[in-house]
Amino acid sequence: MDTSSRTDIDIPFALQAGRLEGISLPDLLWALCRCRCTGVLRVEHGTVEKSLYFEDGRIVFAGSNDPDDRLGELLLRRGLITLDQLDEGIARLQTGKRLGTLLVEAGSLTPDQLVEAVLSQVENVVLDLFLVEQGDSRFELGPLPTDEVIKLGMNTGELLMRGIRRIRSFQRIRRSVGAPHKAYALTADADAGVRGLDLASAAGLIERLRRGPATIEELCREVFLSNFEIYQTLWGLRVLGLAEEHEPERITIGGVEHEGSLAD
């Protein structure tokens, strides 16, 4: 059955509503993707509410009540329209048409410029959310409001990796990845999962993990990346299900249990 139209998917309570202090946003977003959910995730922090629209586990749109996230402001910041053109478009909103449509009809914007600007607007709303550490979240399962949503073809995995790269708090990243003695290995479907992701800067890290599990400490010694970048990339790979913690093999010798590798 196509889960995108279902409203009875069994979603864990922690994903339905909670505080961002209890679950990191990247983990929350990818959990909703794994559930192949269709619905709206609303995140409130202070007076700002941002909404992420999921269809069958993919992020297809985003909205925000923050004035800085509005399309008109983005077009103005980029120099694509003038203030007079923006004011004229806003004055005609009572016609029921979207601002972007009005600007194109007025000749202030080309259709291609509008599509690119809307995609950039949605991406910015999503990526800015990764910097939020405190707030409330709730997921509303159900069909998307077709009169409100313009579905955009975005790569959700790449979007999450870019969002994680925006996070500069090492303590926040380390809480999710673990101490230097923690070992990581690629998952069985990692090679298929990395397709479509911009991981050129992390090629050395992925290649090292292809050779077998390694502790973070070993990765920091062997891979030509800063320690911060290694932690950051590992978090992204773990969130996307491409890497996982590796438990060392336990070997019993003379009645005493040891940790190690059978190859050794």
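User: In this predicted model, is glutamate 123 buried or exposed?

Analyst: Glutamate 123 belongs to helix H6, which spans residues 111–129. The cut-off for a buried residue is under 20% relative accessible area, and because the relative accessibility of glutamate 123 is 18%, this residue counts as buried.

User: Which residues does glutamate 123 touch, not counting residues up to four places away in sequence?

Analyst: A contact here requires heavy atoms within 4.5 Å. With residues up to four places away in sequence left out, the residues that glutamate 123 touches are Met154, Leu159 and Arg162.

User: Why do the buried residues of helix H10 lie on the same side of H10?

Analyst: In helix H10, residues 203–210, the buried residues are Leu205, Ile206, Arg208 and Leu209. They lie on the same side of H10 because the arc they cover around the axis is only 160°.

User: Which elements do the buried residues of H10 pack against?

Analyst: The chain just after H10 includes glycine 212, which takes a positive phi of about 140°. As for the packing of H10, its buried residues have as partners strand S6 (183–186), strand S7 (214–215), helix H11 (216–222) and helix H12 (227–239).

User: Which strands stand at the edges of the open sheet of three strands?

Analyst: The strand order in this open sheet is S7-S6-S8, with antiparallel pairing. S6 and S7 pair over two bridges, and tyrosine 184 stands opposite alanine 214 in S7. Two strands have a single partner strand each, so one side of each is left without a neighbour in the sheet, and these edge strands are S7 and S8 (243–245).

Terms used:
Residues numbered from 1 in each chain as written. Predicted model: local features only at pLDDT ≥ 70, side-chain atom pairs only at ≥ 80, totals over all residues. Heavy atoms only, no water. Helix = DSSP H or I, 4+ residues; strand = E, 2+ residues; numbered from the N terminus. Buried < 20%, exposed > 50% of the residue type's maximum accessible area, 1.4 Å probe, protein only. Arc of directions from axis to C-beta. Pairing = 2+ DSSP bridges.
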